[in-house]
Amino acid sequence: MGLPMMSFRPLRSFLSELWQDKAAAIGFAVMVLIVLMAVFAPVLAPEDPATQSLLQRLKPPVWDARGSWDHLLGTDNLGRDVLSRIIWGARTTLTIGIVTCVIAAMIGTTLGLWAGFMGGRTDSVLMRLVDIQVSFPGILLILLVVGVLGPGVWTLIAVLSVTNWMVYARLVRGIVSSTRQMPYVEAAEVIGCRPSRVIFVHLLPNLVSPLLTLLILEFTNIVLAEAAVSFLGFGVQPPDTSWGLDVASGRDYLFIAWWLVTFPGLAIVVTVLSINLFANWLRVTSDPEEREKRFARTIAAKRRRRRAT
Amino acid sequence: MTETLLEIDDLHVAFDTRAGVVQAVRGVSLTVGRGETLGLVGESGSGKSVTAQAMMGLIDVPGRISGGTVRWCGTPLVGEGVRRAPRNIWGREITMIFQNPMTSLNPLMTIGAQLQEAVRLHLGLRGAAARTRAADLLNAVGISGAARRLDQYPHEFSGGMRQRVMIAMAIASEPRLLIADEPTTALDVTIQAQILELLAELQSQLGLSIILITHDLGIVAGLCHRVAVMYAGQIVETGAVDTMFEQPAHPYTQGLIRSTPLLDACDDRLVAIDGTPPGLLIPPAGCAFQPRCPVATAPCGVPQVLTPTGTGAVACCRAGIDAWKVGAA
């Protein structure tokens, strides 16, 4: 077993650099916890998220006067345990959010790279395609496709990917067509790099930080889009659950049972925030110059603290 | 001695990098008097540009001023205990022109608009008065047809013309000191000569002091009154131009002058100084030039102090020896 020994050192240096930025370290830890929660949902969840109990309807959380230890975060209008639903809902929400973002980003980046790199007619055709897709009402397309294929998690992923790739294509195309004019890209072409090398070695790394930023923003969008579609009855189907679905269906009880909307909503906020904190760190780490500056800033901060004490 | 304008005292600049602390400037002291031109020469990486940036307060992370002060007419600008430099010195009393005139102008604004902005900010002129003043400035830097040129965009100007515009902007506030960081490196030789002539002319007209940063000894000989030679973040020799070119004391200065190509000696091969400058991650304890010096001996292992000579100062215990002749023999 020589492999773990070799792969251990990068991991350790990664963790020690991450530890320097406390916010990012917390973000990363929370992210890992949420993923573990989703993976081990059957073990962690105190109850079956779909078991209804009309006698236990709309119980408030445990710290409320009427709450009980049976349901830590209370129950919903059908007597289902809110905590268990959040734990199980993490599975659907994370799957849909991550897979959709990745697929949409792949489609968009590929087409954007192609358009930006080739330029000319290819560029015009591809970008008009983007324009058409953008101007087409997304929700209509979703309802149409779901109506034909039938609702379900994977249909939802496919449909949301198809309606959300355009923003990546536009971003990537813009960066690629401007980076292509940079002397270092022209130099790479002059010394005889093949187009594939120019694209993957010289153009793609420039896209890392804007794409990361966009992915995070889009993740939130996807979670909300999934909630909207599920709310209309075309998305996640009961007894399955998702955070978006819970927020959407809890809306009717907002004034008598605030916990129905609050806890799944908080779950979304915490997830997005922790991904954001970590992604921000990752973005800086992927830029050698920014990375040095961040290092110097932490050194400067340490020096100030030492002087203050 | 003329009135001292700028005074740099034991300036240290360090860069915190992940590999360690790089000491880019290690104890530089300089003064610039009124109407004086000081040449700051040295090879790439010797710390001349970082010194200039420190004078203008442009050191940003990962760099930091780790010691020393920069004073302007006695007022501290940079250094220990200076929270915020007094306003209206940088950009007004001291201005700077950069190496690359291609990127220092806003491509979306006309030359006139950019010049008028400088005029408005520093002289408080508005409207037609600002425009007239901007046209005067263009005239002063030798751009003909100023009224027409004001309405053009940077891409309609050649490299040399853009550098002239940069100089016009730099003198718009009627500064007392102009820092020129390799102003002619990006230009060809004929334009270079014109720009330098222009700087000399402006100096005599406006009584300007100039710090000229360059690695071209020919430019220094033609324009400067005094020279400071930098090596590995330290000044190794300063002095009046004439005497230094006549009788360089430091082996490094001697090597630099020896390796300058001469038109009347075209059959000789150029002589380089062997080796490379030391890395500044772990600066050498003694003389930084010791590993490349042909006359280094035992005492070169201790730090060299800048010692006054007849016309300037030199930091070398073997100063004055004709190093390269001895080394060759």
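Buried means under 20% relative accessible area, exposed over 50%, and partly exposed in between, with a 1.4 Å probe and protein chains only. The views below show a predicted model, in which local features need pLDDT of at least 70 and side-chain atom pairs count only at pLDDT 80 or more, whereas totals for chains, interfaces and linings use all residues. Residues are numbered from 1 along each chain as its sequence is written, chains are lettered from A in the order in which they are written, and side-chain values use heavy atoms, with hydrogens and water left out.

**View 1. The salt bridge between B:Arg34 and B:Glu3.** The two side chains meet at 3.0 Å, N to O, where a salt bridge is a side-chain nitrogen of Lys or Arg within 4 Å of a carboxyl oxygen of Asp or Glu. B:Arg34 lies in the loop between strand 2 (20-33) and strand 3 (37-41) of chain B and B:Glu3 in the segment before strand 1 (4-17), so the pair ties together parts that are 31 residues apart in sequence; strands are DSSP runs of E with at least two residues and helices are runs of H or I with at least four, numbered from the N terminus. B:Glu3 is partly exposed at 39% relative accessibility, and B:Arg34 is also partly exposed, at 37%.

**View 2. The salt bridge between B:Glu43 and B:Arg292.** Here the side chains meet at 3.6 Å, N to O, and the pair links distant parts of the chain, 249 residues apart, with B:Glu43 in the loop between strand 3 and helix 1 (48-55) of chain B and B:Arg292 in the loop between helix 9 (251-258) and strand 11 (307-308) of chain B. B:Glu43 is partly exposed, with a relative accessible area of 23%, whereas B:Arg292 is buried, at 13%.

**View 3. The salt bridge between B:Arg176 and B:Glu93.** The closest N and O atoms of this pair are 2.9 Å apart. Because B:Arg176 lies in the loop between helix 5 and strand 7 (177-181) of chain B and B:Glu93 in the loop between strand 5 (75-79) and strand 6 (94-97) of chain B, the pair ties together parts that are 83 residues apart in sequence.

**View 4. B:Arg162, a buried residue without a salt bridge.** B:Arg162 lies in helix 5 (residues 159-171) of chain B, and the nearest side chain of opposite charge, B:Glu156, is 10 Å away. Leaving aside neighbours within four places in sequence, B:Arg162 is in contact (heavy atoms within 4.5 Å) with residues including B:Pro101, B:Met102 and B:Phe157.

Key. Lys and Arg count as positive and Asp and Glu as negative; His and the chain ends are not counted.
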